Amino acid sequence: MSATLKYVPVFRARQQEIIVLKETDFGISMYPMIEVIKEKDRKNNQQSTFEIYRDLLNSIQSEHVFLSLPNYIKLSNSTQQEVITFSRTILDSVPDRIDFMIQFSGFGKVVPVISSLLNLQGEAETILRQSESLRDRFSRLAYMTNPDSFEEDLPEIEAVIRLGSDFFIYDLGTVSPTNPIFRKHNRVLRERFRGVNKIIIRSALNSDIKNVELIHNDVISEADNSLIESFKDQSFDAFGDYAGIKKDDLTAGGTISPGFIFYDPYDNLYYGFKAEEKKLSQFKDFIVPAVLGSSPFMRLQDQFPTFVEGNPGIKLLQDINTGIENGQNQAKFKKIAMQHYLHCMRVWIDEDRTIPLYLE
């Protein structure tokens, strides 16, 4: 088991997430998870898929990296075309999933995430088949299930999971930690998965939270980050989420919608900031000053400075505010949100603090 692991930030392999993955020192208590959702990080990249993810994995400063081919993606007419193509050629096929993972068997830090395709393809024993092909090639594997497939997945996982080395991951999806179904499943896990390193994952910010619907400089009531407060009581060793950003639906395009979501570790809440006009200049002229002048930020700066000092996300906000950094880039604020949240998690872990801070 890993006695140090406390947090698993989940990244989709997209441009801003990749930048943050490469620039962050995850220490010994954070193992990032990369969800591979398309063949290449950008369309014009001439490298092979293996070369792209090889270089990414080599650049990540972490003891272990979970490598996942997600099974939850629901394709629609608005889904990005490269996601659709990858899903239909790799994600939906057990042999192709195995072949993809085997490419990285020489990477000691890689922990493949095995998940079921029962709900996608109706195939039985997909966990067993993946495990049989990968277990001799990797020192550690992770087995992921969710509320919809838990009952079917559990016997397969129980048959192959290795105590003391492998990981068990329960992905709540959008299900609340207080949901009776999860309580039922967790009772089973407490009884039958003793000695297994258990991780629970849930996105605090789901796709139904829109920038245009944010109430400016106010708490986002739909955001639920309570997992960070309850995972230990629920007998999990670590928790995971999408590192301070939304678990979006991977749709194509979209209009300019200046907005920003700021995480406040004091109350373990998210605050929304919304532009007055649909102009990129609103990021620098309106949103950034509002964030830096807000009560949650001022409280952190005055009373809990370690959450601000050395925080690369805050530094970018401050540099945009003073004109050192260009602020007319909507994607950059995704990076800022992730860097700020990850810094808060690092402080929480390193200082062994209580979240929310008001509980101290």
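Predicted model: local features only at pLDDT ≥ 70, side-chain atom pairs only at ≥ 80, totals over all residues.
View 1. Phe50 counts as partly exposed, because its relative accessibility is 26%. A search of the whole structure finds 25 aromatic pairs, and Phe50 and Phe107 form one of them, an edge-to-face pair with 6.4 Å centre to centre and 75 degrees between the planes. Phe50 belongs to helix α2 (residues 49-59), whereas Phe107 sits in the loop between α4 (94-102) and β4 (110-115), so the pair ties together parts that are 57 residues apart in sequence. Elsewhere in the model, Tyr7, Phe231, Phe239, Tyr263, Tyr270, Tyr341 and Trp348 form one aromatic cluster.

**View 2. Strand β4 and its two faces.** The strand β4 is largely enclosed by the rest of the structure, because 6 of its 6 residues are buried. Val110, Pro112 and Ile114 point one way from β4, while Val111, Val113 and Ser115 point the other way. In a regular strand, side chains alternate between the two faces of the sheet. Strand β5 (residues 142-145) pairs with β4 in the parallel sense over 3 bridges, and Ile114 stands opposite Tyr143 of β5.

**View 3. Strand β3 with β2 and β4.** Parallel pairing over 4 bridges links β3 and β4, with Ser68 standing opposite Val113 in β4. Strand β2 (residues 33-35) also runs parallel to β3, to which 3 bridges join it, and here Glu35 stands opposite Ser68.

View 4. Asn71 is found in the loop that runs between β3 (65-68) and α3 (81-91). With a relative accessibility of 17%, Asn71 counts as buried. A polar atom of the Asn71 side chain lies 2.8 Å from the backbone oxygen of Ser116.

**View 5. The second largest pocket.** Sorted by class, the residues lining the second largest pocket are 9 nonpolar, 13 polar and 8 charged.

**View 6. The open sheet of β8, β11 and β10.** This open sheet has 3 strands in the order β8-β11-β10, and their pairing is antiparallel. The edge strands, each of which pairs on one side only, are β8 (218-219) and β10 (259-264). Between β10 and strand β11 (residues 269-274), which run antiparallel, there are 6 bridges, and Gly259 stands opposite Lys274 in β11. Strands of a sheet pair through backbone hydrogen bonds, in either the parallel or the antiparallel sense.

**View 7. Leu317 in helix α12.** Leu317 lies in helix α12, which spans residues 312-322. Leu317 counts as buried because its relative accessibility is 1%. The C-alpha atom of Leu317 is separated by 34 Å from that of Thr49, and these two residues are 268 residues apart along the chain.

Terms used. Residues numbered from 1 in each chain as written. Heavy atoms only, no water. Buried < 20%, exposed > 50% of the residue type's maximum accessible area, 1.4 Å probe, protein only. Polar contact = N/O pair within 3.5 Å; in protein donor to acceptor, adjacent residues only side chain to side chain. Nonpolar A, V, L, I, M, F, W, Y, C, P; charged D, E, K, R; others polar. Pairing = 2+ DSSP bridges. Phe/Tyr/Trp six-rings, centres within 6.5 Å; stacked < 30°, edge-to-face > 60°.
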